[in-house]
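This report walks through one protein model, from a single residue out to the whole chain. Please have the sequence and the structure open while reading.

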Amino acid sequence: MLPTTSVNSRSQGNGVLSPRDAARHTAGAKRYKYLRRLFHFRQMDFEFALWQMLYLFTSPQRVYRNFHYRKQTKDQWARDDPAFLVLLSIWLCVSTVGFGFVLDMGFFETIKLLLWVVFIDCVGVGLLIATLMWFVSNKYLVKQQNRDYDVEWGYAFDVHLNAFYPLLVILHFIQLFFINYVIIPDSVIGYFVGNTLWLIAIGYYIYVTFLGYSALPFLKNTAILLYPFGLLIMLYLISLACGWNFTKMLCSFYKYRVR
C-alpha cells in the first residue's frame, strides 16, 4: 500500500494547520533547524551557495527568484541552508588575512583584526542593519491590504549577507592588489582608484538590498531604498574634490584597532 497522510494530521478544517504543523512554521522552529544544520556539513548545498555568490555579481535578480521558489515550496523566505553563511565566513577570513599581509601586520595583530572584522563589521553591523530594515519594512512598507504578511527577520539578514558579499570581494580582495602601489601613495590617481572602488562596493550593497525588498510582493514604495545613491555620489564627488582617501583612512583605522 502507498503511504497516506490523514487530513486531520495536516489541518483542522478548511486548511487550517494543526498545532503540530503550525509549530514547525514558527520563527523559533525555523531558527533551530537552521542552526542545527551548521554542524552537519554533508547536509549543506555548497554548490548552490557558490552559484548564488556568482550571480550576486552577474545577475542578482536570479538569486532572489530562488527565494520565491523557497517560499512556494518551504513556506519561508529566509534561507534554510547555512552553506552561504559558511562560505561567506571563509571568504571573510581569507580576505582579512590578506589585508593583514598587505598592511604588514604580525600574526597576533592579524588574528585581532580577523576577530574584529568577523564579529563587529560583519555579524554585529549585520544584526543592526537587518533589525533596522526588518522594523522599517514591516512598519512602513507593507501594503495595507496585505497586513497578514510580514518580512521575516531571517530574510532581512539574508538580504544583508547578499549585499555584503560583493562589497567584501571588492574592498577586501580586489582592492588588495592596488593598495600599496596605487592607492596608499599620496596622488590623485591613488584616491581616485580607491574611492571609485568604494563607490562601486557601496553602490552594489544598496542595489542588492533594494532588489531583496522589491522581490517581496507585499511591500510597496521599495524604490526609496535607492535614495542613498544620491548621497553616495555626492560624497564621492566631494571626496575627490577634497582629496580624501577612504582606503587610506580604512587602513589607518585597521592598524589602530589591533594596537
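## A threonine in the interior

Leaving aside residues up to four places away in sequence, T96 touches T110, L113, L114, V117 and H172. Contact here means heavy atoms within 4.5 Å. T96 is found in helix α6. T96 counts as buried, at 1% relative accessibility. Buried means under 20% relative accessible area, exposed means over 50%, and partly exposed lies in between (1.4 Å probe, protein chains only).

## Model and conventions

The model is predicted: local features need pLDDT of at least 70, side-chain atom pairs count only at pLDDT 80 or more, and totals for chains, interfaces and linings use all residues. Residues are numbered from 1 along each chain as its sequence is written, and side-chain values use heavy atoms, with hydrogens and water left out.

pLDDT is the predictor's confidence in each residue, from 0 to 100. Its mean over the protein is 85. Of the residues, 83% reach 70 or more. Residues 1–24 stay under 50. For that stretch the model has 19 contacts beyond four places in sequence.

## Overall fold

The protein has 12 helices and zero strands. Helices (H or I, at least four residues) and strands (E, at least two) are DSSP runs, numbered from the N terminus. Along the sequence the pattern reads α-α-α-α-α-α-α-α-α-α-α-α.

Buried residues make up 43% of the 259 residues. Among contacts with a separation of 6 or more, 71% join residues 24 or more positions apart.

## Aromatic pairs

Rings of Phe, Tyr and Trp (its six-membered ring) pair if their centres lie within 6.5 Å; planes under 30 degrees apart count as stacked, over 60 as edge-to-face and the rest as tilted. By this rule there are 18 aromatic pairs. In one of them, F57 and Y165, the ring centres are 5.7 Å apart and the planes lie at 75°, so the pair is edge-to-face. F57 lies in helix α4 (residues 46–58) and Y165 in helix α8 (residues 153–172), so the pair ties together parts 108 residues apart in sequence. F57 is partly exposed, with a relative accessible area of 26%. Y165 is buried, at 6%.

Y165 also pairs with F84. Their ring centres are 6.4 Å apart and their planes at 70°, so this pair is edge-to-face. F84 lies in helix α6 (residues 83–102) and Y165 in α8, so the pair ties together parts 81 residues apart in sequence. F84 is buried, with a relative accessible area of 2%. F57, F84 and Y165 belong to one aromatic cluster, together with W91, F173, F177 and Y204.

## Charges over rings

Which residue lies over the face of F84? It is R79, at 4.0 Å from the ring centre. The charged end of R70 sits over the ring of F67, 4.7 Å from its centre. A charge sits over a ring if NZ of Lys or CZ of Arg is within 6 Å of the ring centre and within 35 degrees of the ring normal.

## The second largest pocket

The second largest pocket holds about 610 Å³ of space. Its lining has 23 residues, and the closest to its centre are V125, I129, F164, L167 and Y205. Helices α7 (107–141), α8, α10 (188–214) and α12 (246–257) each supply at least two lining residues. The largest share, six residues, comes from α8.

On a 1 Å grid over the protein atoms alone, a pocket is an open set of points where a 1.4 Å probe fits, with protein on both sides within 12 Å along at least five of seven lines; lining residues have an atom within 4 Å of a point. Grid points are joined across faces, edges and corners, and a volume is the space filled by probe spheres set on the points.

## Loop residues

D75 lies in the loop between α5 (60–74) and α6. Its phi is near 60°, a positive value in a residue other than glycine. D75 is partly exposed, with a relative accessible area of 33%.

The loop between α10 and α11 (228–242) holds N221. N221 is not a glycine, yet has a positive phi of about 55°. N221 counts as exposed, at 53% relative accessibility. P217 also has its place in the loop between α10 and α11. P217 is partly exposed, at 49%. Not counting residues up to four places away in sequence, P217 touches H68, W77 and K143. P217 and K143 are 74 residues apart in sequence, and their C-alpha atoms are 9.1 Å apart in space.
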